[in-house]
Amino acid sequence: DTCTRGCSFCAVKTSRKPPPLDQDEPQKVADAIAEWGFDYVVLTSVDRDDLDDQGSGHFRKVVQALKGKRDGEILVEALTPDFRGDLDLVEIVA
């Protein structure tokens, strides 16, 4: 919930050194979505320029955890950060 950028149009809290990623988050998100019975989810994310992969690997883990629930029948729309235009990082999520 902490972004590494301070865009003037956004109200998300920012920090140059945000807390580490919650390694349990992918499973927590997937469990919650499955429990709530959703069949469609839109994922968004803050920018994490402080990480080598800018959070793309973590984002991928969340998508994979969701796809592992309910026989893969949960549709996931991924609104990723811009990854500073690095298409290799987009490919990690794709």
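P26 belongs to helix α1; helices (H or I, at least four residues) and strands (E, at least two) are DSSP runs, numbered from the N terminus. With a relative accessibility of 7%, P26 counts as buried; the term buried means under 20% relative accessible area, exposed means over 50%, and partly exposed lies in between (1.4 Å probe, protein chains only). The C-alpha atoms of P26 and K69 are 12 Å apart in space, and the two residues are 43 residues apart in sequence.

The structure is a predicted model, in which local features need pLDDT of at least 70 and side-chain atom pairs count only at pLDDT 80 or more, while totals for chains, interfaces and linings use all residues. Residues are numbered from 1 along each chain as its sequence is written, and side-chain values use heavy atoms, with hydrogens and water left out.

A second residue of helix α1 is A30. A30 counts as buried, at 0% relative accessibility. Beyond residues up to four places away in sequence, A30 touches A65, L66 and K69. Between A30 and K69 the C-alpha to C-alpha distance is 7.0 Å, although 39 residues separate them in sequence.

The discussion now turns to open space in the model. Rolling a probe the size of a water molecule over the atoms shows where empty space is left. The largest pocket holds about 470 Å³ of space. On a 1 Å grid over the protein atoms alone, a pocket is an open set of points with protein on both sides within 12 Å along at least five of seven lines, whereas a cavity is a set of points where a 1.4 Å probe fits but cannot get out; lining residues have an atom within 4 Å of a point. Grid points are joined across faces, edges and corners, and a volume is the space filled by probe spheres set on the points. The largest pocket is lined by 21 residues, and those closest to its centre are D1, L21, E25, S45 and H58.

Which elements supply the lining of the largest pocket? Helices α1 (25-36) and α2 (56-67) each supply at least two residues, and α2 gives the most, with 4 residues. By class, the lining comprises 10 nonpolar, 7 polar and 4 charged residues. Here Ala, Val, Leu, Ile, Met, Phe, Trp, Tyr, Cys and Pro count as nonpolar, Asp, Glu, Lys and Arg as charged, and the others, Gly among them, as polar.

Next come the loops on either side of α2. In the loop between β1 (40-43) and α2 is Q54. Is Q54 buried or exposed? Q54 is buried, with a relative accessible area of 14%. Apart from its neighbours within four places in sequence, Q54 is in contact with R48, D49, F83, R84 and L89.

Most residues other than glycine have a negative phi, and most peptide bonds are trans. R70, however, has a positive phi near 45°, and D71 has a positive phi near 55°. R70 counts as partly exposed, at 33% relative accessibility, whereas D71 counts as exposed, at 77%.

Helix α3 (residues 87-93) contains V90. V90 is partly exposed, with 33% relative accessibility. Its C-alpha atom is separated by 9.7 Å from that of G57, which is 33 residues away along the chain.

The chain has 3 helices and 2 strands, and from the N terminus on its elements run α-β-α-β-α. Its radius of gyration is 14 Å, close to the 12 Å that the globule rule gives for 94 residues, so the chain is as compact as a globular protein of that length. The radius of gyration is taken over C-alpha atoms, and the globule rule is 2.2 Å times the number of residues to the power 0.38. Along the principal axes, the C-alpha atoms fill a box of roughly 40 × 25 × 25 Å.

Of the 94 residues, 30% count as buried. Among contacts in the chain with a separation of 6 or more, 68% are between residues 24 or more positions apart. The chain exposes about 6,300 Å², and carbon and sulfur atoms supply 50% of it. Accessible areas come from the Shrake-Rupley method with a 1.4 Å probe; for residues, only the protein chains shown count as cover.

Terms used. Contact = heavy atoms within 4.5 Å.
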